[in-house]
Amino acid sequence: MKRLYRVEEGKMVCGVCGGLSEYLNVDVTIIRLLTLAAILCSGIGLVLYIGAAICMPSKSDVIY
């Protein structure tokens, strides 16, 4: 079963994009570029990123 979590290795800010890329099996650079575009275009991306950083558990906190 796949779990969504923040990564601790290779993170740039909070690890949200890294965790999302592992969950979706997509390159982390694509997720980061989409996040940056959402932040720059509408600003809602920043709100979503902060919300995800608060709600998503870190990888070490997830019990398999």
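Helices, as the word is used here, are DSSP runs of H or I with at least four residues, numbered from the N terminus. Just after one of these, helix α1, asparagine 25 takes a positive phi of about 60°.

The model is a predicted one, and the protein chain averages a pLDDT of 87, with 95% of the residues scoring at least 70. Confidence is highest in helix α2 (residues 28–41), at a mean of 92, and lowest in helix α3 (residues 44–55), at 90.

Within α1, the residues Val16, Cys17, Gly18, Gly19 and Ser21 are buried, and the buried residues of this helix pack against α2 and α3. Serine 21, which lies in α1, counts as buried because its relative accessibility is 8%, below the 20% cut-off that applies to buried residues. The side chain of serine 21 reaches back to the backbone oxygen of glycine 18 at a distance of 2.8 Å. When neighbours within four places in sequence are left aside, serine 21 is in contact with Val26, Asp27, Val28 and Ile31.

Leucine 24, also found in helix α1, has a relative accessibility of 46% and therefore counts as partly exposed. Leu24 is one of the residues that make a nonpolar surface patch of about 500 Å², together with Leu4, Tyr23, Val26, Ile30 and Leu34. To this patch α1 (16–24) and α2 each supply at least two residues.

In the segment before α1 sits glutamate 8, which is partly exposed because its relative accessible area is 42%. What does glutamate 8 touch, not counting residues up to four places away in sequence? The residues are Ser58, Lys59 and Ser60, and with serine 58 there is a polar contact between the two side chains, at 3.3 Å. The C-alpha atoms of glutamate 8 and tyrosine 49, which are 41 residues apart along the chain, are separated by 16 Å.

| Residue | Relative accessibility | Class |
|---|---|---|
| Serine 21 | 8% | buried |
| Glutamate 8 | 42% | partly exposed |
| Leucine 24 | 46% | partly exposed |

Technical notes. Residues numbered from 1 in each chain as written. Predicted model: local features only at pLDDT ≥ 70, side-chain atom pairs only at ≥ 80, totals over all residues. Heavy atoms only, no water. pLDDT = per-residue confidence, 0-100. Patch = residues over 30% accessible without salt bridge, like charges linked within 9 Å, V, L, I, M, F, W, Y side chains within 5 Å. Areas by Shrake-Rupley, 256 points an atom, 1.4 Å probe, with all protein chains shown as cover. Salt bridge = Lys/Arg side-chain N within 4 Å of Asp/Glu carboxyl O. Buried < 20%, exposed > 50% of the residue type's maximum accessible area, 1.4 Å probe, protein only. Polar contact = N/O pair within 3.5 Å; in protein donor to acceptor, adjacent residues only side chain to side chain. Contact = heavy atoms within 4.5 Å.
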